[in-house]
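Here is a friendly walk through a structure that may be new to you. Take a look at it first, and then we'll go through some helices and a couple of loop residues.

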Amino acid sequence: MARQVFEAIADGILGGGVYALMAAGLTLIFGVLDIINIAQGILVVFGAYLSYLLSVHLHIDLFVGLLVTVPAMFVLGVAIQWLFIRPLRGSERTSMTLLACYAVALIIEGILYWAFGPNYVALNAWYTAPNASVKVLGFYIGDIYLFGFVLAVLAIAGLYLLLYRTKFGRSVRATMQDATAARLVGIEVNRVAALTFGVGVAITAVGGMMFGATSGAFSPNSGYDLISRLLAIIILGGLGSVGGALVAAIFMTTAEALVDIWQPNWAVAVFYLALVLVLVIRPSGLFGRQAVRAQ
């Protein structure tokens with residue numbers, strides 16, 4: 001039993017890194033634009049398909065392919081913000097942005113169905129094979145999960161440095177705190193919003209590759225289950241907190257893995273039950289917006 005518990009904890013921590021990669025961009029976009037990008041799930045799947053194209057047709061390694069998919073997704077994110085989000089104004093902007101993001105999700109899903117069909121595909125490499133693993137404390141951990149967790153930590157650290165150690169990051173945080181005041185001191189809020197949306201979607205390219213490599217297989221409709229989990233993670237971590245997304249992802253996937261040992265039927269439900277219990281105690285999440293802005 002002790003071995004199963006240790007294995008579940010390890011799986012939860014490493015799996016949480018993968019979810020953190022997918023959720024970081026979602027919470028960053030909310031922090032700056034105050035919108036929930038419900039297209040995040042399908043954008044993750046889109047990133048996975050880009051990695052699939054590079055891997056299958058050009059024989060480019062999945063991690064090397066990020067040098068192509070990350071810039072491509074950044075451009076896509078900027079385009080989505082300028083074309084669908086920026087034109088929205090007025091008191092109903094929040095509800096309209098939700099509809100706009102939903103429209104983006106439907107468009108991308110339709111493109112994926114047209115290009116790849118409804119069949120499932122998979123990302124394959126030497127480190128995704130079942131026997132590609134290392135032995136730790138008597139059980140085996142897949143290489144792809146180890147690589148993914150390291151990648152998640154590096155991505156979150158890089159995002160933190162971007163936000164707190166650069167001039168652009170200061171502009172982003174100023175916009176998060178008060179967009180009107182940011183305009184008064186000369187910050188181009190529209191430009192910051194577009195670039196932030198681009199950065200958020202670019203990170204999704206990394207999460208998409210890891211999702212495709214660890215999920216076994218995916219299809220154009222795989223984004224629906226993803227968005228519900230990602231929303232739970234960013235709410236638990238605190239809307240707008242990038243570090244909170246990593247902590248919340250690890251917490252929830254670990255809790256799910258532990259419950260799966262004794263009650264597999266309840267494992268998925270615990271993912272959302274943990275969210276409810278934490279929010280009863282701390283409605284702002286583990287790292288609420290005030291905590292983020294105080295840094």
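Buried means under 20% relative accessible area, exposed means over 50%, and partly exposed is in between (1.4 Å probe, protein chains only). You'll find Leu123 in the loop between α4 and β1 (133-136); helices (H or I, at least four residues) and strands (E, at least two) are DSSP runs, numbered from the N terminus.

What does Leu123 touch, not counting residues up to four places away in sequence? Its partners include Ala48, Tyr52, Leu62, Met209 and Phe218, where contact means heavy atoms within 4.5 Å.

Residues are numbered from 1 along each chain as its sequence is written, and side-chain values use heavy atoms, with hydrogens and water left out.

The protein chain has a mean pLDDT of 86, and 96% of its residues reach 70 or more; pLDDT is the predictor's confidence in each residue, from 0 to 100. Over residues 291-295, though, the pLDDT is below 50. Where pLDDT is low, the predicted coordinates should not be read in detail.

## Helices α1 and α5

The axes of α1 (residues 2-33) and α5 (residues 143-164) come within 7 Å and cross at roughly 30°. So α1 is roughly parallel to α5, a label for angles under 35 degrees, with over 145 being roughly antiparallel, 65 to 115 roughly perpendicular and the rest oblique.

On the α1 side, the residues that meet α5 include Leu14, Leu21 and Leu28. Among those they meet in α5 are Phe149, Ala152 and Leu159.

## Helices α3 and α4

Now for another pair: α3 (residues 66-85) and α4 (residues 93-116) have axes that come within 10 Å and cross at roughly 125°. That angle is why α3 counts as oblique to α4. Ile80, Phe84 and Ile85 make the contact from α3, while the α4 side includes Arg93, Cys101 and Ile107.

## A residue in another loop

Ser284 sits in the loop between α11 (267-281) and α12 (289-293). Ser284 counts as partly exposed because its relative accessibility is 39%. Leaving out residues up to four places away in sequence, Ser284 touches Ile235 and Gly238.

Terms used
This is a predicted model: local features need pLDDT of at least 70, side-chain atom pairs count only at pLDDT 80 or more; totals for chains, interfaces and linings use all residues. Axes are lines fitted to C-alpha atoms, for helices over the stretch in contact, and angles run from 0 to 180 degrees between N-to-C directions.
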